[in-house]
Amino acid sequence: MAADYPTMKTAEIRSAYLNFFESKGCKLYPSSSLVPDDPSLLLANAGMNQFKEFYQGKKVMKEIGACSCQKCVRTNDIDIIGADGRHASFFEMLGNFAFGGVTKEQACTWAYELITEVFKLPKDRLYFTVFTEDDETESVWRSLGVPADHITRLGEDDNFWAAGPTGPCGPCSEIYFDLGEEVGCGCPDCAPGCDCDRFLEFWNLVFTQYDGQEDGTLAPLPTKNIDTGMGLERMAAIMQGVQSNYETDVMRDLISVGERLSGKSYKENAESDLSLRIIADHSRSVTFMIADGILPSNEGRGYVLRRLLRRAVMHAHKLGIEGAFLSNYVDAIVRLMGHVYPEVVDNRELVERVILSEEERFGVTLRQGQAYLADALEKLEGTVLDGATAFTLHDTYGFPVEITEEICADANITVDKEGFEACMDQQRERARAATKDDAEAAWSTYGG
């Protein structure tokens, strides 16, 4: 896809977006930590996380609104990261937010001005979706010159946002870029909402104007809020005329680190390409998580970190990369992103030390575990690996069960997760019994 409009680097897009909203009177906020100040969230996963108290009315913003570039980590779709060009565990979310100071018309007008006058995207390749019942937003887009056949109405699953069954919610409007008929499904009625790759959604404007009640009714909120998000990596793909987020400038630089270390060239082999993409993605997540104080562990955020790090190490072994290697990615991340996120510079030594320790710890047992699993699969009768074997890999060799599942999937083998969980439960019972025995022994020792 050759761009028929000015191209921009990722850093240029980030700066242009934030400068634009600052010029409109929005206050620039730095990204919050990946460890959110919200017990309901494991990791920061959206730009609006740090503004929750403003939405709830607990804090009041003096300015008309806010803007930010938020670092995010999401791992709910980790199994397909690298398999396509859009999913990632780490990404940057550009957002602007308002808590009663900006109208729906203003938010849409600003969005349209930014993408057509600053980014200079061709208007005939822009498409918009609105909630089925949201006449107001469609009217706004039409007043800005968007033709009717570039606006699609979609239902609640696509164009109505809610944090849960009750609480703040409202309709949303998404902006799409037409990547061209050549990547579409060929259907004459193809439009945003189709499952094909032709229309790429890159910006979502959420209008949180209701308070969902337990009986299903929608009560108007005291203030109508604006929560918008533009995926920086997706916008970079559009502005650089490429089909995949992994072909944008920042991600391509990280992939080149893997090329140098492995001696393999990107886009020559599908299997090695997948590993190069996964390591490039996971290296960013790991670096930023440790820089924000998250350490590897067997639960919570630490488990997410450990799984990402070990998954990167596993794919490095697939590429033939031996020994500790992730510090090379940290170097590149500091160079590419340190000017925006100083925490990766300030905590670089900690990041490298934690990564090295985990690489060495996992590397010692990786080959032994792989050999154990290969032997088990060779002896396997059927297509299901028993839970006890998966547990041994977890308990003895440090394989998260998800990694065992990935390796097995390559051989069209599934893992007996129920059997694995049963073994885990038995281990917990043994641990509780041992703790009780130790406590009783200590009590006896001190004459209790």
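Hi everyone, let me start with a strand pairing: strand E4 and strand E7 (residues 167–178) run antiparallel and are joined by 4 bridges. Strands pair here if DSSP finds at least two bridges between them. The labels come from DSSP runs, numbered from the N terminus, with at least four residues (H or I) for a helix and at least two (E) for a strand.

Before I go on, a word on the source. This is a predicted model, where local features need pLDDT of at least 70, side-chain atom pairs count only at pLDDT 80 or more, and totals for chains, interfaces and linings use all residues. Residues are numbered from 1 along each chain as its sequence is written, and side-chain values use heavy atoms, with hydrogens and water left out.

How confident is the predictor? pLDDT is its confidence in each residue, from 0 to 100. The chain has a mean pLDDT of 90, with 96% of its residues at 70 or more. Please be careful with residues 438–448, though: pLDDT stays under 50 there, and the model has 1 contact for them beyond four places in sequence. Contact means heavy atoms within 4.5 Å.

Back to E4, residues 126–131. How many of its residues are buried? The count is 6 of 6, where buried means under 20% relative accessible area, exposed means over 50%, and partly exposed is in between, using a 1.4 Å probe and protein chains only. Leu 126, Phe 128 and Val 130 cover one face, while Tyr 127, Thr 129 and Phe 131 are on the other.

E4 also pairs with strand E5 (residues 151–154), in the parallel sense, over 4 bridges. Have a look at Thr 129: it stands opposite Glu 174 in E7 and opposite Thr 152 in E5. Together with helix H4 (residues 135–143), E4 and E5 make a right-handed β-α-β unit. Right-handed means that, with the strands pointing away from the viewer, the path from the first strand over the helix to the second runs clockwise.

Now for the rings. The structure holds 21 aromatic pairs. Rings of Phe, Tyr and Trp (its six-membered ring) pair if their centres lie within 6.5 Å; planes under 30 degrees apart count as stacked, over 60 as edge-to-face, and the rest as tilted. Tyr 112 and Phe 128 form a tilted pair, 6.2 Å centre to centre with 45 degrees between the planes. That pair links Tyr 112 in helix H3 (residues 104–118) to Phe 128 in E4, 16 residues apart. Phe 128 also forms a tilted pair with Trp 141, at 4.4 Å and 40 degrees. Here the partner Trp 141 is in H4, 13 residues from Phe 128. Phe 128 and Trp 141 are both buried.

Leaving aside neighbours within four places in sequence, Thr 389 is in contact with Tyr 372 and Ala 376.

Finally, some backbone angles. Most residues other than glycine have a negative phi. Lys 267 has a positive phi of about 70 degrees, and sits in the loop between helix H7 (249–262) and helix H8 (270–291). Asn 412 has a positive phi near 60 degrees, in the loop between helix H14 (401–410) and strand E11 (414–415). Thanks, everyone!

Methods
pLDDT = per-residue confidence, 0-100.
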